Amino acid sequence: MENLVESKDVSFTYGFRPVLKGINMTVPRGKVVCIMGLSGCGKTTLLRLIGGALKPRHGEVRVNGRVVNLLKRDALYAMRRKLGMLYQFGALFTDMTALDNVAFQIREHTDLPEDMVEDLALMKLNAVGLRGAHHRMPAELSGGMARRVALARAIALDPTLIMYDEPFTGLDPISLGVISNLLRRLNDTLGATSIVVTHDVQETLKLVDYVYFMADGAIVAQGTPDEIRESKAPFVHQFIWGEVDGPLPFHMPGAPYASDLMLEGTRG
Amino acid sequence: MVEPVLDSLRGVGHRVVNGIWRLGYASGFLLMTLVRSGTSFQRFQLTIKEIYSAGVLSLIIIIVSGLFVGMVLGLQGYETLQKYGSSEAVGTLVALSLTRELGPVVAALLFASRAGSAMTAEIGLMKATEQISAMEMMAVDPIARVIGPRFWGGVISMPLLAAIFSAVGVFGGYLVAVVLIGIDAGAFWSQMQNAVDFRQDIVNGIIKSVVFGFAVTAIALFEGYDAPPTAEGVSGATTRTVVTSSLAILGLDFVLTAFMFRGI
């Protein structure tokens, strides 16, 4: 099977508010695929649908050929064991050291002896360059380091699918470079498939294989990084080059400015 | 004219429906916690860790409060009893008050404010920082792994804390009545021994504290799990834990007392 993840005509609503509208997307095995779009356009919701944390209102999400939204709890948990997810701010367990965070899944899902669990966790920490910080608590790690420990935790059981939710947000340029290099390197070394949700354009276009652009809950453009860079679509152009005004207006629709400032009627 | 009345009626209706829905959700949560409690006992070290957090770390406040409550009971009891010439009965008064009522109730109120609020804040923050959903995504059930051990840790800790509260309280009463005021130690202890019945007083007190532990821990964990993932949401949930638990303790105490001591 060529595609690891397939989303067919997926729609989702929070209450009465439509968040996703007919999303069709495929993620081929071994590739790094990026979902880009403004904050609140439904990117993270799509990740949650793939992970089975939410169920679509219409359509289906398939991971490894199985429809995620139809899986029973045990089957869903079995699917999740092959899935790693990096959260926006790491979501490390604050009452555990970096080593215990990485070892958490190994301890929960295997019966390996403790010294082997610790060796495996140290190897994962070594892969992200933080073996020396294995004894630190999450509060003692910088934002970039916490994200790297969380990355080590996400790959603890060598997942086939790694999902990254805004991995570059709030990082300094060095940490950002480290995370983006790791992202590509881990994907290729582990033979995994990655989905990156982000709005960090320039960094992402350097490392991914394919890009989906989302706006207002729908996919509005897609293509390889080169195709995206050369795209003439007004929305993509505005997004890539960070233009203040365009198809997405700078001002939210509202009452006339003069009436909000109560200037009407004073102009003679 | 009619619209404001309809609006307030709609508001009341909305609150009632919300309240019933939340009660149903809380019952489902409690049931789920009980059904998935296997992990708490198969990996008992997880529960022991929570007994430490909820129980051992609450010891200071329980011991100090128990001592002062016992000492105050000794002073007040002596003051009243001596008017009737039966000041030796102060030991009986202190022991019965503590084992039947004050031990379980005050210890549970302190437990709600010390351990219950901490549980709510911890679970609420775990949710707000996506630790709970990260755990779910790692195919680890947070109800079994996080909620269960805390629930049983609280339920096991509560009667032990109430027993310690009562014991220290009796000692506080002894300090005031015998050491400070000078009542005969033999009379103090023997009257207490004669008056306190193991089944009627001690066991009933233990039953009360188990029920309170069950209620406080369930409320604290539910409020944390249901807290909106914001700073305001977590602080509101922590307040609700203390208020709801305290009311539940006092309400349940009345019901339990009515059943236990009705004929005495």
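**Sheet notes**

I began with a bridge in strand 5 of chain A, where A:Val67 is the partner of A:Arg62. A reminder to myself: this is a predicted model. I then checked how strand 4 (residues 58-63) of chain A and strand 5 of chain A run, and they pair in the antiparallel sense over two bridges. Stepping back, I found an open sheet of four strands in chain A, in the order 2-1-4-5, with antiparallel pairing. Strand 2 (17-28) and strand 5 (66-67) of chain A are the edge strands, each pairing on one side only.

**Helix 4 notes**

I compared the ends of helix 4 (residues 114-127) of chain A with expectation: 14 residues at 1.5 Å a residue should span 20 Å, and the end C-alpha atoms are 20 Å apart, so the two agree. Next I listed the buried residues of helix 4 of chain A: A:Val117, A:Ala121, A:Lys124 and A:Leu125. They cover an arc of only 100° around the axis, so they sit on the same side of helix 4 of chain A. These buried residues pack against helix 3 and helix 5 (143-154) of chain A. On the other side of helix 4 of chain A I noted A:Asp115, A:Met116 and A:Asp119 as exposed.

**Interface notes**

How many residues of chain A are in contact with chain B? I got 14, against ten residues of chain B. Helix 3 of chain A gives the largest share of the chain A side, three residues. That side divides into eight nonpolar, three polar and three charged residues.

Notes
Residues are numbered from 1 along each chain as its sequence is written. Chains are lettered from A and ligands numbered from 1 in the order in which they are written. This is a predicted model: local features need pLDDT of at least 70, side-chain atom pairs count only at pLDDT 80 or more; totals for chains, interfaces and linings use all residues. Two residues are in contact if their C-beta atoms, placed from the backbone, lie within 7 Å. Ala, Val, Leu, Ile, Met, Phe, Trp, Tyr, Cys and Pro count as nonpolar, Asp, Glu, Lys and Arg as charged, and the others, Gly among them, as polar. Two strands pair if DSSP finds at least two bridges between them. The expected span of a helix is 1.5 Å times one less than its number of residues. A residue is buried if 20 or more other C-beta atoms lie within 10 Å of its own, exposed if 12 or fewer, and partly exposed in between; C-beta atoms are placed from the backbone. The arc is that of the directions from the helix axis to the C-beta atoms.
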